[in-house]
Amino acid sequence: MKAANGDGSIYYRASKDRWYGAAYVLQADGTTARKEVSSKDRDVVVQKLRKLQTDSDQGIPAEATNWQVEAFLRYWLEHILKPAKKPKTYQGYELVARVHLIPDIGKKKLHKLTGADVRLFMKRLRNTCLCCKHGYDARRGDKAKCCAVGQCCERHPSDRLVEQVHAVLRNALQAAVREEVLQRNVAKLVQVQGAQYDVNRGATEEQARLLLKAAKPTRLYALYVMALYMGLRRGELLGLRWADIDQVEKTLEVRRTLQRVDGALQAVTPKTKKSKRTVPLIKVCLEALASHKRQQAKERLLAGAKWVDTGYVFTTEIGTPIEPDNLRRTWYPIRNAAGVGEMRFHDLRHSCVTLLLRLKVPPHIVQAIVGHADVQVTMAVYAHASLEDQRKALEQLEEMVAG
């Protein structure tokens, strides 16, 4: 009886004294291709062929022996990562793959990639001048001043960038293992030195007062109040709508975050499950929001027909969403006026965590307020910003021992 299309076929080759089986099965790129298995034992061939077909039916691709790293990276980004991650996360991974991984190791056979290959690639990355590699200086034309005129500026990747590139490759190869395209993840065999982060980045009590004082005259004063007292992320603040605020219950619900992805502002779900949260609003926040709402009503009247009713709490003067990166235009003058150095806007969130923990608020309560995925993240932020508390503890030890 002839096998039906898709059932595969089993045959014996006398010249090689082996049994062979072949069937069209799913490949890692979503297409189907003929895959062959063999053994001296016919029953073994039947089992192998059956497993190939069963995996294919379940959406598991056959091991792609001719699959190149570039092709799998593109498949992984589009079909595995993109549906599962936030747009901004996907954008970051795609950038790393396109700029760093594909140009260097993209042509290598995926199943032949070794730990030595990854180790050599990471070493080259760390020791390569990015200006030379990407032609940054050459784009200046007649104003070229370093790499393009033979004076290398040695703009090497930061530890953070090296760590990110390794993480993207490691995650991609792990996906290949899960898809049964690879037997093991060779990127895990290579250790990369983690980036060292600055400590003491949160604001002190005095700095917090100075920051709010400097922000008071600005039209986004309420945004800075919410950032410092509530520890909201930048995207959460800009994605906040008036409908998310319950004046009766005095609560705020974090439902979305505003991000620019692929050239367009998008309101997406919060970063993690814990990020989607309801938090109480204290008096200072309620008063700041009430004042901001009155101010927005005046701006609406002044804008007239130009006003765009988006429902967002923090908008431009014509009601449109605020570009996240444009917050720098208000943040930099505020931090300069407050004299807090190079503090980032995101450090206001760190400040909220730090100051709450200094007040002896239990970590799990702080976690719930700021929406950290895990309480260990909450404590990690505090650990990076608690040098003053450590000093006080050691001074107390000194007083105790010295009597």
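Student: Which residues does Thr 257 touch, not counting residues up to four places away in sequence?
Tutor: The model is predicted, so local features need pLDDT of at least 70 and side-chain atom pairs count only at pLDDT 80 or more, while totals for chains, interfaces and linings use all residues. Residues are numbered from 1 along each chain as its sequence is written, and side-chain values use heavy atoms, with hydrogens and water left out. Contact means heavy atoms within 4.5 Å. By that rule, the residues touched by Thr 257 are Gly 235, Glu 236, Gln 266, Ala 267, Val 268, Thr 269 and Pro 270.

Student: Is Thr 257 buried or exposed?
Tutor: Thr 257 belongs to strand E6 (residues 257-261); strands (E, at least two residues) and helices (H or I, at least four) are DSSP runs, numbered from the N terminus. Buried means under 20% relative accessible area, exposed over 50%, and partly exposed in between, with a 1.4 Å probe and protein chains only. The relative accessible area of Thr 257 is 9%, and therefore Thr 257 is buried.

Student: How do H4 and H6 lie relative to each other?
Tutor: Axes are lines fitted to C-alpha atoms, for helices over the stretch in contact, and angles run from 0 to 180 degrees between N-to-C directions. The axes of helix H4 (residues 115-127) and H6 cross at roughly 150° and come within 10 Å. Angles under 35 degrees count as roughly parallel, over 145 as roughly antiparallel, 65 to 115 as roughly perpendicular and the rest as oblique. H4 and H6 are therefore roughly antiparallel.

Student: How are H7 and H11 oriented to each other?
Tutor: Helix H7 (residues 205-215) packs against helix H11 (residues 328-338) with axes 8 Å apart, at an angle of about 125°. H7 and H11 are therefore oblique.

Student: Which residues in H11 do Leu 210, Leu 211, Ala 214 and Ala 215 in H7 meet?
Tutor: The four named residues lie on the H7 side of the contact. On the H11 side, their partners are Trp 331, Ile 334, Arg 335, Ala 337 and Ala 338.

Student: What is the phi of Glu 154, and is Glu 154 buried or exposed?
Tutor: Most residues other than glycine have a negative phi. Glu 154, in the loop between helix H5 (130-134) and helix H6 (159-178), is not a glycine, yet its phi is positive, at about 50°. With a relative accessible area of 54%, Glu 154 is exposed.
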